[in-house]
Amino acid sequence: GLFPQVKIYFDTRDDLYKDNPALTDLYNAQMTSQTIMPLLSKYKIDLVVADFFSDSLNYRDLFNSPSWAIVYFDDRYFIAVPASTAGFKNLQTIDSIDPFSPSGAKPGLEKEAEKYFRSLPQTPSNQLLLAQTLIAQDKYSEAIPVLENLGMPKDLTKVLLQKQQNYFLVKTSLKIRNCQKAQTYLERLQDNVKGNFIFDPGRKLQMIDEDINALYYLRCQND
């Protein structure tokens, strides 16, 4: 086991943490979507291993904090350590990406993020982030085939990825004035959100623009 060299703050074995104040703090953070940063400080956490896509905790600030460094990222998973630790251990840091950003990148670092995402295995989540960086750079002709050929997982994240896939395909089709394709993807976007979620998708769907229909008719009403 990891103990005592590594002390675990929290993992998926909820029953072990019953009546522990840390569990209450964790669930409060989940329910309110507040940033994870106060929890990290309060409990002196120095290593975060997480699934940013399906976990309901808000890890956004970890990707933009000068006090923390992302040292691993692939698919839905990342590892973050204090920046001082990364420097002391001479760990390679991943500084250009932000999976919580609509562009998948930090401002001004879209080209670097694109290069990084291209280096990763072609999983649905990685390819979706690659497409986002391409769209942010107006590389629509490159983004469309990436999105259209996006493989889908067989787990519960499938509907979330499909929603984002079709959202970006609608946006991209509108950018290149292809209203026929935009209509097709818009219909798919509306279809694949009708199912029921067994967990709160929360911020995972924040990129889904409620005005997408208005944008479609604005761009395509004369076509």
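Trainee: Leaving aside neighbours within four places in sequence, which residues is Phe78 in contact with?
Mentor: In this predicted model, Phe78 belongs to strand 3, residues 77-82, and Phe78 itself is buried. Once its neighbours within four places in sequence are left aside, the residues in contact with Phe78 are Val48, Val49, Ala50, Phe52, Tyr59, Leu62, Phe63, Ile70, Tyr72 and Phe73.

Trainee: How many residues does the largest nonpolar core have?
Mentor: Nonpolar side chains in soluble globular proteins tend to be buried together. Here the residues with the most contacts inside the largest nonpolar core are Val48, Tyr59, Leu62, Phe73, Phe78 and Phe117, and the largest share of this core, 7 residues, comes from helix 7. The size of the largest nonpolar core is 54 residues.

Trainee: How many aromatic pairs are there, and why is the pair of Tyr59 and Phe78 given its particular class?
Mentor: By the ring-centre rule, the count comes to 10 aromatic pairs. The ring centres of Tyr59 and Phe78 lie 5.4 Å apart and their planes stand at 75 degrees, and because planes over 60 degrees apart fall in that class, the pair is edge-to-face.

Trainee: How many residues apart in sequence are the parts that Tyr59 and Phe78 tie together?
Mentor: Tyr59 lies in the loop between strand 1 (48-51) and strand 2 (68-74), whereas Phe78 lies in strand 3, so the pair ties together parts of the chain that are separated in sequence. Their separation is 19 residues.

Trainee: Where do Phe63 and Phe100 lie, and how many residues apart are they?
Mentor: Phe63 and Phe100 form an edge-to-face aromatic pair, with 5.9 Å from centre to centre and 65 degrees between the planes. Phe63 lies in the loop between strand 1 and strand 2, and Phe100 in the loop between helix 3 (83-88) and helix 4 (110-118), a link between distant parts of the chain whose separation is 37 residues.

Trainee: Is Phe63 buried or exposed, and what of Phe100?
Mentor: The cut-off for a buried residue is under 20% relative accessible area. Phe63 has 1% relative accessibility and therefore counts as buried, while Phe100, at 7% relative accessibility, likewise counts as buried.

Trainee: Which helix supplies the largest share of the lining of the second largest pocket?
Mentor: This pocket holds about 160 Å³ of space and is lined by 11 residues, of which Pro102, Gln132, Ile135, Ala136 and Phe168 lie nearest its centre. Helix 5 (124-136) and helix 7 (158-175) each supply at least two residues of the lining. The largest share, 4 residues, comes from helix 7.

Key: Residues numbered from 1 in each chain as written. Predicted model: local features only at pLDDT ≥ 70, side-chain atom pairs only at ≥ 80, totals over all residues. Heavy atoms only, no water. 1 Å grid on protein atoms, 1.4 Å probe; cavity = no way out; pocket = protein on both sides within 12 Å on 5 of 7 lines; lining within 4 Å. Points joined across faces, edges and corners; volume = space filled by probe spheres on them. Core = buried A, V, L, I, M, F, W, Y, C linked by side-chain atoms within 4.5 Å. Buried < 20%, exposed > 50% of the residue type's maximum accessible area, 1.4 Å probe, protein only. Contact = heavy atoms within 4.5 Å. Phe/Tyr/Trp six-rings, centres within 6.5 Å; stacked < 30°, edge-to-face > 60°.
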